[in-house]
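Let's talk through this one together, a question at a time. Have a look at the model first.

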Amino acid sequence: MNFDLTEEQQMVRKLMRDFAEGEVAPGADERDRTKTFPVEIFEKMAKLNLMGLPFPEEYGGGGGDSISFAIAVEELSRVCASVGITYSAHVSLGCAPFYLFGTEEQKQEYLVPLCQGKSLGAFGLTEPQAGSDAGGTRTHAVREGDEWVINGSKCFITNASYAKFVALTTVTGRKEDGSPEITALIAPTDAEGFQVLDSYVKMGLHSSNTTELVLENVRVPADHVLGKIGEGFKQFLITLDGGRIGIGAMALGIAQGAYESALRYARERVQFGRSISKFQVIQHKLADMAMQIELARNMVYKAAWLKDQGRKFTKEASMAKLYASETAMRVCDQAVQIHGGYGYMHDYKVERFFRDAKLTEIGEGTSEIQRMVIAREIGC
Amino acid sequence: MNILVCLKQTFDTEERITIEDGQISDDGVEFVINPYDEYAVEEAIRLRDEHGGEVTVITVGPDRAEQALRTAMAMGADKGIIVDDEDLEDADEYSIAKVLAAVIDDLEYDIILGGYMAVDDGSAQVGPRLAELLEIPHISTITKLTVDGDKVEVEKDVEGDTETIESKLPILVTAQQGLNEPRYPSLPGIMKAKKKPLEQLDIDDLDLDEDELEGKTKVLETFLPPEKEAGKILEGELEDQVKELVGLLRNEAKVI
Ligand SMILES: Cc1cc2nc3c(=O)[nH]c(=O)nc-3n(C[C@H](O)[C@H](O)[C@H](O)COP(=O)(O)OP(=O)(O)OC[C@H]3O[C@@H](n4cnc5c(N)ncnc54)[C@H](O)[C@@H]3O)c2cc1C
């Protein structure tokens, strides 16, 4: 057994730490307040070839592994979770389906520009009536000649305002047993009848892009099927397995950032004539935070490691995402508490972390759904 | 153009220093390329990109220092040389300069770059010492470098003004903050770094007499600076405050 990162992984950590501190942290509060999407950060990341980090170089990727990807998301989220989720969704929801299920031509046409950062990646699964029950998709596509005609809507879709195309789950018919046949179609966002609405007022992740997609008679050529007809359901289950490593890493980074801030503050803040870090109650809070973060990190990296080994990682990714997200919530809660009234104020950052953390218990499968996945995996 | 960069791996500047058994402990510490050496690496890569040639990064240090060379290679340096410092006892700037000179004697070079000092020992000696041993000119703390043919022009800050100096290749220059903005290593750079050639040398491999390498200085004691105490804010009428301040400076701080 070996808990050390490889030389490359260590260098990715250092790069991402420096990049996050140098390019992402400055302005993060301001972007949160003004709800500004940081396009320039992703342009800089594209220059460093980070937008396709875990994909092969032949597709414009960086040739990195899943552990390096998790480290990248973690380090970005440690200073700005909005950048963290944007990047995580781009890679694991945007790029991965093309890499995993696309034909060679589709990889060239879609994966390559995604890896080069020419478009952000987005994946349209959730609908107003189909969230946890993502198989309940109502968006449907009908074959007319050599085109698909898509109608329906998607909600809460990350990155779509900055995506040139999205992969969407649609119902394309009925299977023999009467269940819906779900197929992922690729739709250019500038297609006629395709609207991307960016009008949600969110609790947090203010400088990330969350959109509603409305499709009215959107026509795409017949070959815009991602992979095979009828495989959409299976595809998104696989995609979400990988995505959970990303959200787990995001939660981990948020927790780490909030913890570091709380530790620093506890050392500096003096009450009753002593640094509050000398009070055992505060010490125990910080000890618990440190422990839970360490455990979350081990789990996230383990899930990523299994993925890199080509092994099954569904259960571990689910555990990592669940544990890390609940850790992020607990840690942020206590980080605000340690900051007292200042923690409630924007300038001290932990309130932003607290708001941002909540999404990690919801996106890519709620905590309740993760427990269902784990229960199924352990044979309940 | 053959460009050599001498660099040192140092503590990350954010690390808290702890002392154990009279020595600075490096337990669990993050190491980085000495920040001034990073400017040197960046400048070397830019020179190479402009004039062609090769950048070789050289360090004397323990195994872990290889990581610093790999990072420089991830930024764009072409190859590296690490000299294991295990056999170096009581080494100081004198010893390190000697070792570097022995390595470089066997190499072809047009220009040698380094940071003007290492942030750990802060002595700013290795660069100038090395140049003396190699019998080439050197200019320290440069903030701008232009090479044209064998003509070298540098700028450096002097008391708020800028001094311009002309010289010729071969030369050794040391970098001051402001020389450039070091790049982030790109991901492909990181992936390729491991495949670039890295030569590992021991002191035995060099044309050196080990006895000659013992440092010229001795560390007598290592200690942390006294902890900063909380400041004092004076209150009351301005006139009283001034009186109190003068009293405190005289009697408590004993500086006047
Ligand atoms: C900021 C943000 C970004 C997002 N990005 C994307 C994206 O890029 N692409 C995308 O497709 N989706 C995205 N989503 C959607 C997200 O994945 C869904 O919100 C999530 O899966 C939950 O679905 P829902 O909101 O419909 O909640 P519901 O499914 O309605 O759940 C409501 C509650 O019921 C619980 N529940 C549901 N079913 C069960 C059950 N069987 N047993 C027990 N409890 C249950 C849930 O856990 C939850 O607590 C995003 C959401 C947000 C907020």
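**Domains, helices and a sheet**

The UniProt annotation "domain: Acyl-CoA oxidase/dehydrogenase middle" (unreviewed entry) covers residues 122-218 of chain A; such annotations use the numbering here, have shortened feature names and may be inferred rather than shown by experiment. This is a predicted model, where local features need pLDDT of at least 70, side-chain atom pairs count only at pLDDT 80 or more, and totals for chains, interfaces and linings use all residues. Residues are numbered from 1 along each chain as its sequence is written, chains are lettered from A and ligands numbered from 1 in the order written, and side-chain values use heavy atoms, leaving out hydrogens and water.

Student: How much of residues 122-218 of chain A is strand?

Tutor: Helix (a DSSP run of H or I, at least four residues; strands are E, at least two, and both are numbered from the N terminus) makes up 0% of this span. Its end C-alpha atoms lie 17 Å apart, and the strand content is 53%.

Student: Which strands stand at the edges of the nine-strand sheet of chain B?

Tutor: The sheet is open, with mixed pairing and the order E11-E10-E9-E12-E8-E1-E6-E7-E13. Strands pair if DSSP finds at least two bridges between them. Each edge strand has a single partner, so one side is left without a neighbour in the sheet; these are E11 (161-168) and E13 (198-201) of chain B.

Student: In E12(B), what is the bridge partner of Ile111(B)?

Tutor: Strands E8 (residues 111-115) and E12 (residues 171-175) of chain B run parallel, joined by five bridges. In E12(B), Ile111(B) is partnered by Ile171(B).
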